[in-house]
Amino acid sequence: MPDSAWTGCGVDLLFDGMTLDLPKWFDLHTHFRQGAALPAYVQAHRDMGCAGALAMPNTQPPVARVTGPNAETAWSIQSYRDELLAAGGSAFEQLIVPLYLTRQTTAEMIEQGAASGLLKACKYYPPHGTTNAEHGVPMNSLIGGDVLRAMERCGVVLCIHGEQHGLSGAEYLDAQHNAETTFYRERLPWLLDNHPNLRIVAEHITTRVAAEFVAAAPAHVGATITPQHLLFTLGHLIQGLKYHLYCLPVVKFEEDRAALRLAVSNPDQRKFFAGTDSAPHATKVTPCGCAAGCFTGGCAPQLYAMAFEESGISPLDGLGRDLFEHFLCRNGPAFYGFPASMERFQMERRTSQIQALATAAGPVTPLPTGLGMELTWSLVGQS
Ligand code: NCD
Ligand code: ZN
């Protein structure tokens with residue numbers, strides 16, 4: 001492949017049987033953070049053919065209002081979105097910032113936000129369940145309440161970090177029961193019963209229980225799946241304590257990974273789509289712990305392609321390509337109600353390596369680098 005491919009030469013020239021030419025894709029769950037490192041994170045997404053993103057609101061402080069200037073305790077969708085746009089996000093075709101559901105969220109905020117066009121989604125965080133989740137409100141106190149009713153009425157999507165909060169030890173994680181399975185077995189049926197028309201995205205699902213729940217739910221319940229949960233299990237994390245693979249919800253067991261792979265292998269599936277949960281941490285480990293989050297900026301499409309191949313789907317042949325394209329580029333936009341990209345990017349089945357990303361917050365290690373893993377796919381160009 002000539003180097004000139006990087007500069008966006010004609011797509012026709014790139015077809016050689018090993019090259020995959022796709023519409024640019026959308027990352028419907030990612031973390032761009034705040035402050036001086038923001039442009040580097042946005043750029044890393046643009047560099048991997050990403051046409052748009054749903055940028056998580058667990059910034060510091062959280063994005064917990066819809067409009068108005070950033071304040072010490074809460075930012076607004078409007079002002080955080082403006083920051084993202086100024087940091088390179090204006091090149092995206094879509095940029096959705098969900099509202100972080102806190103005790104301060106009101107039905108009026110939802111109605112006015114939806115009417116203004118700024119509010120497309122809200123984010124449920126289990127209190128203290130993950131990075132910057134301390135402002136979250138328990139699901140029990142949201143179900144049946146004014147806020148979810150207003151979301152249901154206005155068509156605002158509920159993005160769910162689906163883990164039962166407050167569990168410890170064996171209840172938090174064992175092979176059959178864990179924070180996620182408990183949440184999908186106990187909370188989600190109740191949520192759906194009370195809010196039958198609420199549009200829901202089960203985010204970064206990791207278990208068979210969650211995958212089967214979503215597959216059996218109505219069409220307005222979808223799910224994102226990360227590259228790491230399709231590729232790895234808890235064994236990969238524990239063997240050598242590969243802390244770059246530590247994210248929440250934590251990677252699970254073989255039965256779970258197999259169920260996620262099965263979910264993306266169904267030729268008719270339209271409800272599972274890409275959401276990397278790329279979560280950069282300039283300081284990943286400290287003397288007393290490890291920040292949760294895998295950084296996959298710059299390498300997510302390659303990792304997804306590898307995961308599909310490991311699932312027995314070749315993105316290079318007819319059916320496999322269709323499955324891959326729907327998962328990466330089409331199902332997410334269709335679920336959120338915007339068009340797939342008209343622009344293209346190209347990947348090649350050729351090994352590559354990815355380096356740490358230099359940012360104003362310091363270098364950030366991408367997941368494959370942290371695992372000492374070679375990518376079997378390369379990004380080739382964009383057009
Ligand atoms: C995310 C982060 O670092 O912001 N971490 C993670 O492990 N995925 C938060 C989240 O989405 O849970
Ligand atoms: Zn996340």
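Q: Before we start, what counts as a polar contact here?
A: A polar contact is a pair of N or O atoms within 3.5 Å. Keep in mind too that this is a predicted model.

Q: Okay, ligand first. Which polar backbone atom is 2.7 Å from an oxygen atom of ligand 1?
A: That one belongs to Leu248. The protein covers 100% of the 310 Å² of accessible area that ligand 1 has on its own.

Q: And where does ligand 1 sit?
A: In the largest cavity.

Q: Which residues come nearest to ligand 1?
A: There are 14 residues around ligand 1, and the nearest are Arg33, Asn58, Thr130, Leu248 and Asp277.

Q: What about histidines: how far is a polar side-chain atom of His31 from an oxygen atom of ligand 1?
A: The distance is 3.1 Å for His31. His161 also has a polar side-chain atom by a ligand 1 oxygen, at 3.4 Å.

Q: Back to Leu248. What kind of peptide bond runs from Leu248 to Pro249, cis or trans?
A: It's cis, with omega near -5°. Pro249 belongs to the loop between α10 (234–238) and α11.

Q: Which other pair is joined by a cis peptide bond, with omega about -5°?
A: Gln60 and Pro61. You'll find Pro61 in the loop between β3 (50–55) and β4 (63–65).

Q: Why point those out?
A: Because most peptide bonds are trans.

Q: Where is Arg33 in the fold?
A: In the loop between β2 (25–30) and α1 (38–47).

Q: Is that spot buried or exposed for Arg33?
A: Buried: the relative accessible area of Arg33 is 12%, and buried means under 20%.

Q: Which other residue has a positive phi, near 55°?
A: Asn132, again a residue other than glycine. Asn132 lies in the loop between β8 (121–124) and α4 (139–142). At a relative accessible area of 14%, Asn132 is buried.

Q: Switching topic: where does His45 lie?
A: In helix α1. His45 is buried, at 2% relative accessible area.

Q: What does the His45 side chain make a polar contact with?
A: With the side chain of Thr30, at 3.3 Å.

Q: Now Gln269, where is that?
A: In the loop between α11 (254–265) and β12 (272–274). Gln269 is buried as well, with a relative accessible area of 7%.

Q: Which backbone nitrogen lies 2.8 Å from a polar atom of the Gln269 side chain?
A: The one of Phe272.

Q: What lies 3.1 Å from a polar atom of the Thr106 side chain?
A: The backbone nitrogen of Met109.

Q: How far apart are the C-alpha atoms of Thr106 and Leu371?
A: They're separated by 43 Å, with the two residues 265 apart along the chain.

How values were computed. Residues numbered from 1 in each chain as written. Chains lettered and ligands numbered in written order. Predicted model: local features only at pLDDT ≥ 70, side-chain atom pairs only at ≥ 80, totals over all residues. Heavy atoms only, no water. Near = heavy atom within 4 Å. Polar contact = N/O pair within 3.5 Å; in protein donor to acceptor, adjacent residues only side chain to side chain. Areas by Shrake-Rupley, 256 points an atom, 1.4 Å probe, with all protein chains shown as cover. 1 Å grid on protein atoms, 1.4 Å probe; cavity = no way out; pocket = protein on both sides within 12 Å on 5 of 7 lines; lining within 4 Å. Sits in = over half its atoms within 2 Å of the grid points. Helix = DSSP H or I, 4+ residues; strand = E, 2+ residues; numbered from the N terminus. Buried < 20%, exposed > 50% of the residue type's maximum accessible area, 1.4 Å probe, protein only.
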